[in-house]
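This note is intended for a colleague meeting the structure for the first time. Please read the points below alongside the sequence and the model.

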Amino acid sequence: MQPDSPLQRGEIVDEGVQALRKLFTDRVASFEGKFYRFRDVELWPKTYQAHIPIYIGGNNANNIRRAVAWGDGWLPAGMHVDRVREGVRTLREMASRAGRDPETIEVCPQFIVHIGKSRSAAVERFRQTQMNKHLVSLQKSTLKGQGAASHEDINLIGTVAEVVDKAIAFREAGVTHLLGLYFAVDSVEELLDQMQMFAELVVPKIR
């Protein structure tokens, strides 16, 4: 059955998360839904990890709802700290109404990283990378309606001190950890250099 409306596509995602949870949890799983149906399916071998965390990705409020209902974490991407704070507040309110401890739901955004000797140097280099071109292309689709804040302001781009301050601000807004960090680079050498700076100069200050 092909989805013919945003509502139907949302229903497909809702069911899919529930079906996956059954497959990951039950030795022999059955599921009877509108879009997914299976009976006595054995997904084996199971992972060594007893509980596989499911993180719901996406900035839309529906994905916060899904994280509360069936997930272990909410994974937004490229959101300004103010919007993250608002999303965390919504998540906690939804969880409380649902009788779920909000502390059991991780908040783990994805961000772009580029560290420079000065903010202007970091911004200039970031704007030259393929990553920036990719983000610009997403403004017409995935990142449509994300507000007036620039990619440079939203993401971990700047000097070491600026990146540390941004990361701490996100933690204070309710972020539990950074699940996805994408370094804006165009070569392996630059990638290794950026990763080393982040590991040695940023991570010790935000633990």
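1. **Terms and basis.** Two strands are said to pair if DSSP finds at least two bridges between them. Helices (H or I, at least four residues) and strands (E, at least two) are DSSP runs, numbered from the N terminus. This is a predicted model, in which local features need pLDDT of at least 70 and side-chain atom pairs count only at pLDDT 80 or more, while totals for chains, interfaces and linings use all residues. Residues are numbered from 1 along each chain as its sequence is written, and side-chain values use heavy atoms, with hydrogens and water left out.

2. **The sheet β3-β4-β5.** Three strands form an open sheet in the order β3-β4-β5, with parallel pairing. At its edges stand β3 (55–57) and β5 (106–107), each of which pairs on one side only. Between β3 and strand β4 (residues 73–75) the parallel pairing extends over 3 bridges. Within this part of the model, Ile 56 stands opposite Trp 74 in β4. Helix α3 (residues 81–97) lies across β4 and β5 and runs at about 155° to β4. Such angles run from 0 to 180 degrees between N-to-C directions, the axes being lines fitted to C-alpha atoms, for helices over the stretch in contact. Contact means heavy atoms within 4.5 Å.

3. **The sheet β7-β6-β8.** A further open sheet of 3 strands has the order β7-β6-β8, again with parallel pairing. Because β7 (156–158) and β8 are edge strands with a single partner each, one side of each has no neighbour in the sheet. From one strand to the next, the twist averages 30°. Strand β6 (residues 110–115) pairs with β8 in the parallel sense over 4 bridges, and Val 113 stands opposite Phe 183 in β8.

4. **Helices on that sheet.** Helix α7 packs on the sheet and touches β6 and β7, its direction making about 150° with that of β7. Helix α4 (residues 119–128) also lies across β6 and β7, running at about 120° to β7.

5. **The hairpin.** Strand β1 (residues 29–32) and strand β2 (residues 37–41) pair in the antiparallel sense over 3 bridges. A hairpin of 4 residues joins β1 to β2, and Glu 32 stands opposite Arg 37 in β2. In a regular strand the side chains alternate between the two faces of the sheet.

6. **Thr 159.** Which residues does Thr 159 touch, not counting residues up to four places away in sequence? They are Ile 115, Gly 116, Lys 117, Ser 118 and Arg 119. Thr 159 itself is in the loop between β7 and α7. Its relative accessibility is 17%, so Thr 159 counts as buried.

7. **Gly 174.** The loop between α7 (160–172) and β8 (180–183) holds Gly 174. This residue counts as buried because its relative accessibility is 11%. Leaving aside neighbours within four places in sequence, Gly 174 is in contact with Val 88, Arg 92 and Val 107. Gly 174 and Arg 85 are 89 residues apart in sequence, yet their C-alpha atoms are 6.4 Å apart in space.

8. **The chain overall.** There are 8 helices and 8 strands in the chain, and its C-alpha atoms fill a box of roughly 60 × 40 × 35 Å along the principal axes. Of the 207 residues, 41% count as buried. Among contacts between residues at least 6 apart in sequence, 59% join residues at least 24 apart.

Terms used. Buried means under 20% relative accessible area, exposed over 50%, partly exposed in between (1.4 Å probe, protein chains only).
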